Amino acid sequence: MTRTTHRWAARRLRQARFAQAGRALRTRVSAVRATAAAGMTTAEYAVGTLAAVAFAAVLLAVVKSGPVKSALASVITSALGVGS
């Protein structure tokens with residue numbers, strides 16, 4: 001084996017090792033990104049659910065207040081035609 005052939009073979013071997021390591025790294029990075037994205041989605045759903053519950057609590061408090069309750073009762077009574 002000549003010196004040039006030896007250098008060429010060694011270079012090809014290094015390139016193959018780097019390519020294999022690069023593929024392994026890309027596979028690992030994509031797996032980590034998929035896992036991280038799933039966690040973010042879960043966190044976003046949790047925050048959205050908490051916001052919806054807080055909004056429902058505020059809306060319930062407003063609807064149960066005296067003036068709103070009587071206004072809703074009068075609207076429903078007039079819509080049904082009961083009491084006139």
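In which helix is the place of L59? I found L59 in helix α1, where helices are DSSP runs (H or I, at least four residues) numbered from the N terminus.

Before going on, I noted that this is a predicted model, in which local features need pLDDT of at least 70 and side-chain atom pairs count only at pLDDT 80 or more, while totals for chains, interfaces and linings use all residues. Residues are numbered from 1 along each chain as its sequence is written, and side-chain values use heavy atoms, with hydrogens and water left out.

I looked up the exposure of L59 and read a relative accessible area of 44%, so L59 is partly exposed (buried is under 20%, exposed over 50%, partly exposed in between, with a 1.4 Å probe and protein chains only).

I then listed the nonpolar surface patch, which F55, L59, V63, L72, I76, L80 and V82 form with about 690 Å² of accessible area together; α1 and α2 are the elements that give two or more residues to this patch. Patch residues have over 30% relative accessible area and no salt bridge, with nonpolar side chains joined within 5 Å and like charges within 9 Å; a salt bridge is a side-chain nitrogen of Lys or Arg within 4 Å of a carboxyl oxygen of Asp or Glu.

I also checked T41, which lies in helix α1 and counts as partly exposed because its relative accessibility is 35%.

Definitions and conventions:
Areas by Shrake-Rupley, 256 points an atom, 1.4 Å probe, with all protein chains shown as cover.
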